[in-house]
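This briefing describes the arrangement of two protein chains and selected features within them. Please consult the sequence and structure shown below while reading the points that follow.

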Protein chains: 2
Amino acid sequence: MELRKLVKNHVLGNPIRLGIMLYLLPRGKVLFKELQKVLDVTPGNLDSHLKTLEKAGYVKLTKVFADRPRTAVEITDNGAEETGKYLRMLKELLNQI
Amino acid sequence: MELRKLVKNHVLGNPIRLGIMLYLLPRGKVLFKELQKVLDVTPGNLDSHLKTLEKAGYVKLTKVFADRPRTAVEITDNGAEETGKYLRMLKELLNQI
């Protein structure tokens with residue numbers, strides 16, 4: 001029953017976290033600042049959702065050095081796989097309607 | 001930018017509320033008890049999400065009398081329209097990936 005799978009996904013059920021993963025999926029790694037701009041959320045809000053994704057093993061947060069140290073967000077293999085599964089489930093649900 | 005629309009939808013962004021609307025959309029009106037079984041959530045949890053949907057004008061809660069009084073949940077025209085819009089937005093997002 002796909003509806004139950006939708007309801008039970010506590011990591012990707014949140015639209016901001018789903019948005020983060022959707023943006024990361026084709027890109028692999030992006031800067032925190034870019035993600036914040038694209039999603040139009042506050043740094044604190046984005047940070048809190050990234051921590052949840054990091055705990056779940058869906059993303060890795062790293063420091064990169066451009067002109068100055070910046071936080072980068074990288075999708076993990078597990079994160080890409082779980083997001084793919086979730087999207088297939090969503091697509092199936094949408095196709096049933 | 002579809003990602004921003006995803007992030008900003010506070011009513012349908014919650015997976016339980018989206019699940020409720022997805023179940024209601026082709027059916028129009030269902031019993032509270034049926035909805036609870038299908039989504040596998042507690043009565044209190046379902047009730048709280050239904051109140052949010054009712055406040056947003058997406059559903060109407062009514063009493064029906066079968067063998068005994070029961071709560072029924074009915075989708076409103078506005079609820080059907082907004083859910084349709086959200087699903088089209090989701091589909092567009094998914095098709096971009």
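Copies are superposed by least squares on the C-alpha atoms of residues with pLDDT of at least 70 in both. On that basis, chain A can be laid on chain B with an RMSD of 0.0 Å by a turn of 180° and a shift of 0.0 Å along the axis. The two copies are thus related as by a two-fold rotation axis. In chain A, N14(A) has the C-alpha nearest the axis, at 3.1 Å from it.

The model is predicted: local features need pLDDT of at least 70, side-chain atom pairs count only at pLDDT 80 or more, and totals for chains, interfaces and linings use all residues. Residues are numbered from 1 along each chain as its sequence is written, chains are lettered from A and ligands numbered from 1 in the order in which they are written, and side-chain values use heavy atoms, with hydrogens and water left out.

**Annotation and interface**

- UniProt, in an unreviewed entry, places the feature "domain: HTH arsR-type" at residues 4-95 of chain A; such annotations may be inferred rather than shown by experiment.
- Over residues 4-95, chain A is 60% helix and 18% strand, and the end C-alpha atoms are 16 Å apart. Helices (H or I, at least four residues) and strands (E, at least two) are DSSP runs, numbered from the N terminus.
- Of the interface residues of chain A, 100% are also interface residues in chain B, so the copies meet through the same surface.

**The sheet of chain A**

- Three strands form an open antiparallel sheet in the order β1-β3-β2 in chain A; two strands pair if DSSP finds at least two bridges between them.
- The edges are held by β1 (29-31) and β2 (59-65) of chain A, each with a single partner strand, so one side of each is left without a neighbour in the sheet.
- From one strand to the next, the twist averages 30°.
- Three bridges join β1(A) to strand β3 (residues 69-75) of chain A in the antiparallel sense, and K29(A) has E74(A) as its bridge partner in β3(A).
- Helix α4 (residues 43-55) of chain A packs on the sheet, touching β2 and β3 of chain A, and its direction makes about 120° with that of β2(A). Contact means heavy atoms within 4.5 Å; axes are lines fitted to C-alpha atoms, for helices over the stretch in contact, and angles run from 0 to 180 degrees between N-to-C directions.

**Buried residues of chain A**

- At the start of α2(A), a side-chain oxygen of N14(A) reaches to within 2.8 Å of the backbone nitrogen of I16(A).
- M21(A), in helix α2 of chain A, is buried at 0% relative accessibility. Leaving aside neighbours within four places in sequence, its contacts include L12(A), L53(A), Y58(A) and I75(A).
- The C-alpha atoms of M21(A) and I75(A) are separated by 7.6 Å, although these residues are 54 residues apart along the chain.
- V30(A), in strand β1 of chain A, is buried with a relative accessible area of 5%. Leaving aside neighbours within four places in sequence, V30(A) is in contact with Y23(A), L24(A), L35(A), A72(A) and V73(A).

**Q36 of chain B**

- Q36(B) lies in helix α3 (residues 32-39) of chain B, and its side chain reaches the backbone oxygen of V41(B) at 3.2 Å.
- Not counting residues up to four places away in sequence, Q36(B) touches V41(B), T42(B), P43(B) and L46(B).

Conventions:
A polar contact is a pair of N or O atoms within 3.5 Å; within protein, one must be able to donate a hydrogen and the other to accept it, and residues adjacent in sequence count only if both atoms are side-chain atoms. Buried means under 20% relative accessible area, exposed over 50%, partly exposed in between (1.4 Å probe, protein chains only).
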